[in-house]
Amino acid sequence: MILDIRNVTAGYSKKTVIEDVSLNINEGEIVGLIGHNGAGKSTLLSTIHGQIKPSSGNIYFREEKISGLRPEEIVKKGLSYIPQGHQVFKSLTVLDNLKMGCYFLRNKKEIYEKLEVSYKLFPILKEREKQKAGTMSGGQQQMLAVAMGLMTSPKLLLIDEPSIGLAPSFVQTVMDAICEINKTLGTSILIVEQNIDHLFRIANRVYGLRRGKIVAHDDSETFTQNYNLLEIM
């Protein structure tokens, strides 16, 4: 098991957003997380990544407790987070954005090897490595955001709404890349996604979050047989 979340409660200031959440991911799995807007999906990812400290419960990554650690410490252990909204450094070039994704690395050979992995997954980034990120399309920026998350060679990748605001053609490209990352690199993935058709096509298992609590969990193939998506979404 690569990620084990045990009875975690967290939120902002005095407001509880997620309550008593338990969730796990096995090595090599793609696990989906669904729920309506405000259900607590992004809060859960931020808590796993260390941006929010749980008020109770614990999070274990590769059997090591990480709840309470700072985000940069968690990244160095092999867990990366790609937030929603194509979050790239728009005034920097594609190449400089990718280097920012592994800012704490100093070995030039290692950085070059990681760049080649990203360029193989997204050839357009190689073509545009000298272009400023802010001048690219939303889909291309999302590819760059995913590639930045890969620059530390994570064992687990958290991805928040990768298809939001993208044209259908780019959605398919990004989803195909996520599958390739999982298949070729062996990276485990926890993905929040509102596009149910795409999510259920790539995920091994799916959790449903409603009002901050896990209310559903099943294999993607049988999830809709056992749960009403309208009650979750």
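Predicted model: local features only at pLDDT ≥ 70, side-chain atom pairs only at ≥ 80, totals over all residues.

Student: Which residues of the largest nonpolar core touch the most other members?

Tutor: In soluble globular proteins, nonpolar side chains tend to be buried together. A nonpolar core here is a set of buried Ala, Val, Leu, Ile, Met, Phe, Trp, Tyr and Cys residues joined through side-chain atoms within 4.5 Å; buried means under 20% relative accessible area, exposed over 50%, and partly exposed in between, with a 1.4 Å probe and protein chains only. The largest core has 44 residues, and Leu98, Phe122, Leu125, Leu144, Ile178, Ile189 and Ile191 touch the most other members. Helix 6 (138–150) is among the elements that each supply at least two residues, and its seven residues are the largest share. Helices (H or I, at least four residues) and strands (E, at least two) are DSSP runs, numbered from the N terminus.

Student: How are helix 6 and helix 7 packed?

Tutor: Two packed helices are described by the angle between their axes and the distance between the axes. Axes are lines fitted to C-alpha atoms, for helices over the stretch in contact, and angles run from 0 to 180 degrees between N-to-C directions. Helix 6 and helix 7 pack at about 15°, with axes 9 Å apart. They are therefore roughly parallel (under 35 degrees; over 145 is roughly antiparallel, 65 to 115 roughly perpendicular, the rest oblique).

Student: Where do Ser13 and Glu161 lie, and is each buried or exposed?

Tutor: Most residues other than glycine have a negative phi, and most peptide bonds are trans. Ser13, although not a glycine, has a positive phi of about 55°. Ser13 lies in the loop between strand 1 (3–12) and strand 2 (15–25), and is exposed at 83% relative accessibility. Glu161 also has a positive phi, near 50°. Glu161 is found in the loop between strand 7 and helix 7, and is buried, with a relative accessible area of 7%.

Terms used: Residues numbered from 1 in each chain as written. Heavy atoms only, no water.
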